[in-house]
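Here are some notes to read alongside the model. Keep the viewer open and look up each residue as you go.

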Amino acid sequence: MKAFTYERATSPAAAAAAAAKPGAKFIAGGTNLLDLMKLQVETPTHLVDVNRLGLDTIEASGDGGLRIGALVRNTALAADPRVRRDYGVLSRALLSGASGQLRNKATTAGNLLQRTRCPYFYDTNQPCNKRKPGSGCAAIGGYSRALAVIGTSADCIATHPSDMAVAMRALDATVETVDASGKSRAIPIADFHRLPGNTPWIETALQPGEMITSVTLPRPVGGTHIYRKVRDRASYAFATISVAAVLRPDQGTPRFAFGGLAHKPWRVEAAETQRDAKGIAAAALAGATPTAQNAYKIPLVERTLASVLAEGAAA
Amino acid sequence: MKFDTPAGRNPIDQGKVIGKPTDRIDGPLKVTGTAPYAFEQNAVAPGHAYGVIVGSSVAKGRITRIDSADAERLPGVIAVVTYENAGKLGKAKAHTATMLAGPDVEHYDQAVAIVVAETFEQARDAAKRVRVDYDRAKGRYDLAAAQADAPIAKGDKMKTARGDFAAAFKAAPVTLDATYTTPDQSHTMMEPHATIAAWNGDALTLWTSNQMIAWAVRDMSETLLIPKEKIRVVSPYVGGGFGGKLWVRSDAVMAALAARAAKRPVKVALARPQVMNNTTHRPATIQRIRLGAEKNGKITAIAHQTWSGDLPGGGPETAANQTQLLYAGAHRLTETHLAVLDLPEANAMRAPGEAPGMMALEVAMDEMAEKLGMDPVRFRVINDTMVDPEQPERKFSDRNLVRCLEEGARRFGWERRNATPGQVREGRWLVGMGMAAAFRNNMNMKSAARVGVDRKGVVTVATDMTDIGTGSYTIIAQTAAEMLGVPLDKVVVLLGDSRFPVSAGSGGQWGGNSSTAGVYAACMDLRRRIAQKLGFNSDDVTFADGKVTSGNRSVDLAKAAGDEGISGEDAMEYGSLEKDYAQATFGAHFVEVGVDAHTGEIRVRRMSGVYDAGRILNPKSARSQVIGGMTMGIGAALMEDAVVDQRFGYFVNHDLAEYHVPVHLDVPHQEVVFLDTLDDKTSPMKAKGVGELGLCGAGAAVANAVYNACGVRIRDYPLTLDKVLKGLATA
């Protein structure tokens with residue numbers, strides 16, 4: 001860990017202004033950032049602690065949905081009765097992630113911003129374009145069993161590790177932010193995370209200093225909510241793949257978002273009109289470029305979808 | 001004492017304290033966080049500085065330049081030690097690679113420097129600023145590629161044969177020829193390697209985390225080129241070792257060098273990634289097994305060839321161990337090959353040999369039973385042997401494998417198993433049962449202790465034995481209490497200090513039986529001295545209820561000790577009984593798993609076993625040992641896999657997020673039953689090792705259950721869902 005300076009922000013706009021300076025970063029739960037700092041994968045020179053800004057409530061939004069404060073802890077969000085009743089897929093996704101201790105610390109905004117678990121990203125001896133732009137991608141041609149199969153680039157095949165974000169993608173959440181000038185904006189979750197392209201170190205639509213203040217969920221869509229996380233051990237493991245499904249919503253087609261496939265929560269709305277698992281998987285994974293080690297994810301998506309559809313039909 | 005004839009009746013047979021389920025006497029210290037582990041021994045090393053080890057970023061090559069100027073300029077930095085300024089060092093015979101690289105680098109993350117600073121944070125930051133340039137050399141990292149040219153390893157029993165295997169295999173009506181692979185594994189003990197080193201003139205003290213105190217003294221002496229008498233090693237509490245702490249590692253050596261350079265005590269702990277690439281690991285294996293049998297299931301031919309790799313001068317994984325002893329068969333062959341690889345040092349990990357060996361042999365037995373159309377339990381029963389099958393004149397000291405198999409099958413409800421795979425379904429789960437034998441060799445090691453009684457009747461045992469979470473403190477206290485007729489709370493146990501008599505240490509599941517046998521010997525010496533002091537005839541003296549009694553005379557033990565106290569000291573040494581008799585521990589594992597029919601995820605649903613390990617000294621801690629082994633068996637079968645990057649030559653998934661071991665949700669209820677056997681040829685304790693037995697075969701039982709559940713036979717561990725899916729797709 002490199003020495004850094006530290007301040008406690010007094011307002012979201014002040015936090016954004018402080019974090020806009022080169023080398024500055026927000027810290028909230030710290031469950032990912034601190035580990036990365038210890039390894040010097042992240043080397044911020046200044047930390048802006050946003051933990052005392054409030055932003056930790058879940059409130060009804062004007063249009064019948066929910067506004068989740070950026071600092072609502074994962075545990076609190078998963079346990080909220082409104083979330084459990086109306087957005088079950090989100091509660092289930094949260095509870096499938098990390099461990100109880102981590103969920104107690106981890107925040108809603110921080111969860112969206114967690115970095116990849118690609119093992120080469122974590123080892124500063126190895127090339128990694130995400131960690132050190134231009135150094136190359138050790139994962140390509142290396143250990144890639146857990147990595148992305150779609151939306152990859154010649155520079156990066158990392159995945160986004162969040163479960164929560166996958167459910168939010170299925171629910172069409174919106175990320176609300178404020179910048180240093182106090183100006184706020186709303187970013188649809190679909191546009192929030194980026195594909196790696198040739199700038200894999202740029203992971204989101206956020207501008208320097210721009211701070212997430214809340215995530216809003218639209219009015220409940222009804223239906224049967226399932227989050228299926230496929231993993232190598234029963235708990236405390238990142239998804240090999242995951243499926244966030246809303247089946248039989250009050251209106252429109254079912255929704256399917258996927259984790260463990262890409263640099264962002266993966267959802268192809270056009271695939272949702274397909275009638276069966278095979279069709280949905282084929283459409284959602286069109287253009288996939290798996291490695292030999294992670295090609296198993298392609299059939300696994302279809303098989304898991306079949307399981308989810310069967311579970312939904314029985315529900 | 002020398003143990004060279006089978007034990008007769010002795011005070012241990014009273015079973016007043018020994019054999020009773022007993023809470024750990026060190027438990028309260030541990031659960032209140034007041035048992036000081038190595039890194040927490042602050043009180044003994046005031047004014048200490050912190051050391052952080054810099055590891056090599058290449059797996060093989062030569063250091064061309066070290067530039068520590070930037071690091072040394074940082075605030076708080078006291079010293080940077082590298083091979084250039086460390087002074088002359090030796091290499092301990094027990095070490096395959098050196099603990100400090102330079103100029104040659106032998107493996108990835110091998111220590112190239114240690115940075116010492118006032119605070120941990122300063123040292124860790126400065127460590128990142130030590131610039132080391134390398135000439136990278138081409139290394140060998142692929143066991144499969146090295147297999148063809150790998151010779152038979154040097155050492156005993158690396159090639160064994162009896163009869164004519166080739167002819168018998170050819171003639172057998174039913175045969176199996178299958179190859180299994182097991183991956184590299186990391187010990188991943190909870191407490192990483194850690195040491196505080198302090199010099200007093202030319203004398204060195206190490207507070208460290210180590211399984212074998214006397215070996216640690218020897219290896220430090222050989223490395224630092226100073227006399228053993230000048231080295232004290234203290235390791236009273238060890239947060240797990242699994243063989244990874246059998247030998248001092250870089251934390252100890254580099255802490256000593258750093259403390260010498262800094263002229264003050266230095267503490268060093270390895271970070272988790274360093275545990276995986278800087279220290280040792282269990283090497284990957286390739287194992288070919290051939291079985292030939294008559295149609296009635298009698299094995300006529302059995303061969304087990306294994307391959308593993310290590311750095312030049314290293315040793316093999318002896319994965320054919322159990323195949324030399326477990327099953328009958330007139331025509332036999334084992335071969336243990338060793339390839340040269342430039343990965344980090346391969347070495348012992350819990351049940352070296354049998355742990356991966358049983359993962360192959362016991363799956364082969366399952367496959368063969370199916371070919372024979374025979375129940376797997378029955379197949380093992382009819383191939384049981386009461387003699388060493390390679391030397392039929394050599395009997396087993398005591399062997400109750402068949403009882404374990406039959407009792408285990410009955411308790412588990414084995415008769416409900418459907419022998420045809422893939423037939424039982426509960427919702428999305430395909431459910432299957434599997435079993436395997438358990439087998440682990442028994443070893444005895446010379447072990448000494450000193451036992452004293454003070455004027456208050458308090459018994460103090462001192463021995464350099466270690467407690468690596470196994471429960472040594474408690475079984476040693478039980479032994480002394482039984483031998484001297486005092487309650488457990490009158491016994492104080494002091495362990496893990498090289499100033500104490502040299503014990504067996506903790507390794508190879510020999511620690512429990514051997515160290516208590518050493519305490520038995522010391523207690524016998526003390527009993528003689530007390531009897532002599534009291535003028536009693538030592539042949540008819542009893543020690544019970546805090547009294548020493550002979551005929552109608554009885555004296556309080558405290559009074560017998562007198563104001564001066566009295567003590568005895570002795571070692572237990574072993575004669576030829578280990579050669580005359582095959583000594584081993586046995587058991588049977590039974591497992592039920594579910595395999596998700598869609599995703600291929602495997603979850604263990606039930607696990608039970610029956611074990612035969614002689615006298616169980618403390619059923620409570622022995623059970624803990626066995627369920628820990630069974631849990632490690634789940635990990636070995638389903639997830640543990642230190643993945644080698646073949647380009648860069650290192651274990652890529654070097655943290656606990658990516659190197660998976662089982663978590664609570666992976667481990668179902670585990671039932672453990674011990675047979676009430678005594679083995680009078682192992683020691684006066686009539687006990688055997690039990691710490692590793694629970695692991696040996698457990699992984700194979702899981703794999704066999706997976707096959708029974710879904711019909712996919714995976715011979716390449718771990719059994720991950722991608723391999724299940726591949727099998728389901730082609731099934």
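1. Start with Leu55(A), which counts as partly exposed at 22% relative accessibility. In this predicted model, Leu55(A) sits in the loop between β3 (46-49) and β4 (58-60) of chain A. Its backbone is worth a look: phi of Leu55(A) is near 55°, a positive value in a residue other than glycine. Most residues other than glycine have a negative phi, and most peptide bonds are trans.

2. Asp109(B), not a glycine either, has a positive phi of about 65°. Look for Asp109(B) in the loop between β5 and β6 (111-117) of chain B. Is Asp109(B) buried or exposed? With a relative accessibility of 11%, Asp109(B) counts as buried, because the cut-off for buried is under 20%.

3. Now for the peptide bonds. The one from Gly102(B) to Pro103(B) is cis, with omega near -10°, and Pro103(B) belongs to the loop between β4 (77-82) and β5 (104-105) of chain B. Another cis bond runs from Tyr717(B) to Pro718(B), with omega near -5°. You'll find Pro718(B) in the loop between α17 (698-710) and α18 of chain B.

4. On to how the chains meet. In all, 37 residues of chain B are in contact with 38 residues of chain A. The two chains bury about 3200 Å² between them, and 53% of that is on carbon and sulfur atoms.

5. The side chains of Glu658(B) and Arg117(A) meet in a salt bridge, at 3.8 Å from N to O. On the side of chain B that touches chain A, α3 (120-128) and α18 (721-730) each supply at least two residues. Sorted by class, that side of chain B has 15 nonpolar, 8 polar and 14 charged residues.

6. Next, the inside. In soluble globular proteins, nonpolar side chains tend to be buried together. Here the largest nonpolar core has 119 residues, and those that touch the most other members include Phe258(A), Leu305(A), Val593(B) and Val702(B). Helix α9 (residues 354-372) of chain B gives the most to this core, with 11 residues. Apart from this core lies another one, of 51 residues, with Val461(B), Ile475(B), Ala561(B) and Leu617(B) among them.

7. Zoom in on Val702(B) for a moment. Leaving out residues up to four places away in sequence, Val702(B) touches Val591(B), Val593(B), Val604(B), Met607(B), Ala637(B) and Leu638(B).

8. Over all chains, a search of the whole structure finds 67 salt bridges. One of them joins Arg288(B) and Asp177(B), whose closest N and O atoms are 2.6 Å apart. This pair links distant parts of the chain: Arg288(B) is in strand β14 (residues 285-293) and Asp177(B) in strand β9 (residues 174-182) of chain B, 111 residues apart. Arg288(B) is partly exposed at 27% relative accessibility, and Asp177(B) is partly exposed at 42%.

9. Compare that with Arg528(B) and Asp525(B), whose side chains meet in a salt bridge at 3.8 Å, N to O. Why are these two about one helical turn apart? Because they are 3 residues apart in helix α13 (residues 511-534) of chain B. Arg528(B) is partly exposed, at 40% relative accessibility, whereas Asp525(B) is buried, at 10%.

10. Chain A has its own salt bridges to check. Asp86(A) pairs with Arg85(A), the closest N and O atoms being 3.0 Å apart. Asp86(A) is buried at 19% relative accessible area, while Arg85(A) is exposed at 63%.

11. Last stop: Gln324(B), in the loop between β15 (299-310) and β16 (331-340) of chain B. Its relative accessible area is 4%, so Gln324(B) is buried. Not counting residues up to four places away in sequence, Gln324(B) touches several residues, including Lys157(B), Arg332(B), Asp388(B) and Glu390(B).

Definitions and conventions:
Residues numbered from 1 in each chain as written. Chains lettered and ligands numbered in written order. Predicted model: local features only at pLDDT ≥ 70, side-chain atom pairs only at ≥ 80, totals over all residues. Heavy atoms only, no water. Contact = heavy atoms within 4.5 Å. Buried area = accessible area lost by both parts, 1.4 Å probe. Salt bridge = Lys/Arg side-chain N within 4 Å of Asp/Glu carboxyl O. Helix = DSSP H or I, 4+ residues; strand = E, 2+ residues; numbered from the N terminus. Nonpolar A, V, L, I, M, F, W, Y, C, P; charged D, E, K, R; others polar. Core = buried A, V, L, I, M, F, W, Y, C linked by side-chain atoms within 4.5 Å. Buried < 20%, exposed > 50% of the residue type's maximum accessible area, 1.4 Å probe, protein only.
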